[in-house]
Structure formats: structure tokens, C-alpha cells
Amino acid sequence: MSIDDADRVHLARAVVLAREALLDGDEPYGSVLVDATGAVRFEDRNRTKDGDQTRHPEFEIARWAANNLTSDERATAVVYTSGEHCPMCSAAHAWVGLGRIVYATSSEQTGAWRASWGGAPGPVAALPIQTVAPGLVVDGPELSLEDEVKELQRRAFERG
Ligand code: ZN
């Protein structure tokens with residue numbers, strides 16, 4: 001598939017959530033769950049600042065979906081996210097049977113930015129979503145949001 005204007009609205013919301021996370025001391029990531037009718041059903045942002053590094057919004061969405069949506073609803077739902085799912089979240093997304101993923105920036109981009117700023121790699125390999133979950137439909141990156149997401153990542157990196 002390709003990214004259309006309706007997708008861009010939800011991606012922009014994911015980036016707003018990422019900014020909120022950054023301003024609250026968390027890592028700059030946000031995600032939105034949209035059902036087949038186009039309605040936003042759940043959204044969240046990174047909440048790792050208190051020490052639980054698994055509190056990614058995509059993981060929270062998978063848990064929420066498992067508890068609140070039927071399997072058909074999950075299969076036709078779309079998750080929009082400011083940064084591509086990490087392997088943990090890709091696996092959670094696939095295990096609960098969620099549908100398409102659309103991301104603003106890729107893990108490869110984020111890793112390259114951090115490396116260019118002198119950062120060390122994280123503890124988990126930045127595998128593409130489809131390496132972890134080959135059956136998923138995935139779209140991204142969205143070039144119109146790249147500069148904004150990169151700036152959020154830079155601010156988080158410089159904050160340490
Ligand atoms: Zn994750």
C-alpha cells in the first residue's frame with residue numbers, strides 16, 4: 001500500500017504524542033490505533049522514564065487490543081507510529097493479530113541519526129518489522145515528518 005492523506009493525519013498525531021513524551025521526560029515515541037471505520041480506538045506514548053524499558057506505546061496498543069477488540073477488529077485495525085516498531089513490539093503486534101503498520105521514520109533512520117551524534121547502539125537489534133513478523137503489511141517512512149521526528153530524537157539524545 002502507499003501512505004495517503006488519511007494516514008498522514010494519524011501519523012501526525014503519533015508525532016504529537018512523541019513530542020508530549022519528550023516534554024514529559026520520556027523517549028519521543030507515540031502511537032495510535034485506528035479501526036476499520038477510521039476511528040481512533042486507543043493511543044499512547046513512551047513511558048520509560050521511571051525505569052521500565054518495555055513501556056513502549058506499540059506494546060501497550062497490542063495489550064489493549066487483545067483485551068478490547070475481537071480478532072476481526074484487530075486484523076483490520078491499523079497502528080500508526082512515530083518510529084518503526086522495535087522487535088519486542090513487532091512480535092507483540094503480530095502475536096495479537098493486529099493489521100497494517102504505518103510508521104513516520106524507520107529504525108534504520110533512528111539508528112543512523114544516533115550513530116552520527118556519537119551514540120552507542122541499544123541492547124536490542126534494530127530489526128525491520130517484517131524481519132520479525134514477515135506477514136505484516138508495513139508502510140513507511142513518511143518523508144514529510146522526517147525532520148520533525150529527527151529533531152525530537154536529537155533533543156532526547158542530547159538530554160541523555
Ligand atoms: Zn518497542
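Q: How many salt bridges does a search of the whole structure find?
A: The search finds 14 salt bridges. Bear in mind that this is a predicted model.

Q: Which residue does Asp 26 form a salt bridge with?
A: Its partner is Arg 45, and the closest N and O atoms of the two are 2.5 Å apart. Asp 26 sits in the loop between α1 and β1 while Arg 45 belongs to strand β2, so the pair ties together parts that are 19 residues apart in sequence.

Q: Are Asp 26 and Arg 45 buried or exposed?
A: Asp 26 is buried, and Arg 45 is buried too.

Q: Which residues are linked with them in a network of salt bridges?
A: The network links Asp 24, Asp 26, Arg 45 and Lys 49.

Q: What about helix α1, where do Asp 5 and Arg 8 lie?
A: Both lie in α1, 3 residues apart, which is about one turn of the helix.

Q: Is Asp 5 buried or exposed?
A: Asp 5 is exposed, at a relative accessible area of 58%. Arg 8 is partly exposed, at 30%.

Q: Switching to the metal. What coordinates the zinc ion?
A: His 56 through ND1, Cys 86 through SG and Cys 89 through SG, at 2.1 to 2.3 Å. The spacing of these donor residues in sequence is H-x29-C-x2-C.

Q: Where do His 56 and Cys 89 lie?
A: His 56 is in the loop between β2 and α2 (57-68), and Cys 89 is in helix α4 (residues 87-95). They are 33 residues apart, and the pair links distant parts of the chain. His 56 and Cys 89 are both buried.

Q: Now the sheet. What's the strand order?
A: The order is β2-β1-β3-β4-β5, in an open sheet of 5 strands with mixed pairing. β2 (40-45) and β5 (138-139) stand at the edges with a single partner strand each, so one side of each is left without a neighbour in the sheet.

Q: How many bridges join β3 to β4?
A: There are 4, between β3 (residues 78-83) and β4 (residues 101-105), and the two strands run parallel. Val 79, for instance, has Ile 101 in β4 as its bridge partner.

Q: Which strands does α1 lie across?
A: Helix α1 (residues 5-23) lies across β1 (30-34), β2, β3 and β4, and runs at about 145° to β1.

Q: Which residues touch the most other members in the largest nonpolar core?
A: Leu 11, Val 15, Val 32, Tyr 80, Val 102 and Ala 104, out of 18 residues in that core. The elements giving two or more residues to this core are α1, β1, β3, β4 and α7. Helix α1 gives the most, with 6 residues.

Q: What is Tyr 80 in contact with, leaving aside neighbours within four places in sequence?
A: Its contacts include Asp 7, His 10, Leu 11 and Ala 14, as well as Val 32, Val 34, Arg 100 and Val 102.

Q: Which residues does the second, separate core include?
A: Among its 14 residues are Ile 61, Ala 62, Ala 65 and Val 96.

Key:
Residues are numbered from 1 along each chain as its sequence is written. This is a predicted model: local features need pLDDT of at least 70, side-chain atom pairs count only at pLDDT 80 or more; totals for chains, interfaces and linings use all residues. Side-chain values use heavy atoms; hydrogens and water are left out. Two strands pair if DSSP finds at least two bridges between them. Contact means heavy atoms within 4.5 Å. Axes are lines fitted to C-alpha atoms, for helices over the stretch in contact, and angles run from 0 to 180 degrees between N-to-C directions. A salt bridge is a side-chain nitrogen of Lys or Arg within 4 Å of a carboxyl oxygen of Asp or Glu. Buried means under 20% relative accessible area, exposed over 50%, partly exposed in between (1.4 Å probe, protein chains only). Donors are N, O and S atoms within 2.8 Å of the metal (3.2 Å for Na, K and Ca); water is not among the atoms, so sites may look incomplete. A nonpolar core is a set of buried Ala, Val, Leu, Ile, Met, Phe, Trp, Tyr and Cys residues joined through side-chain atoms within 4.5 Å.
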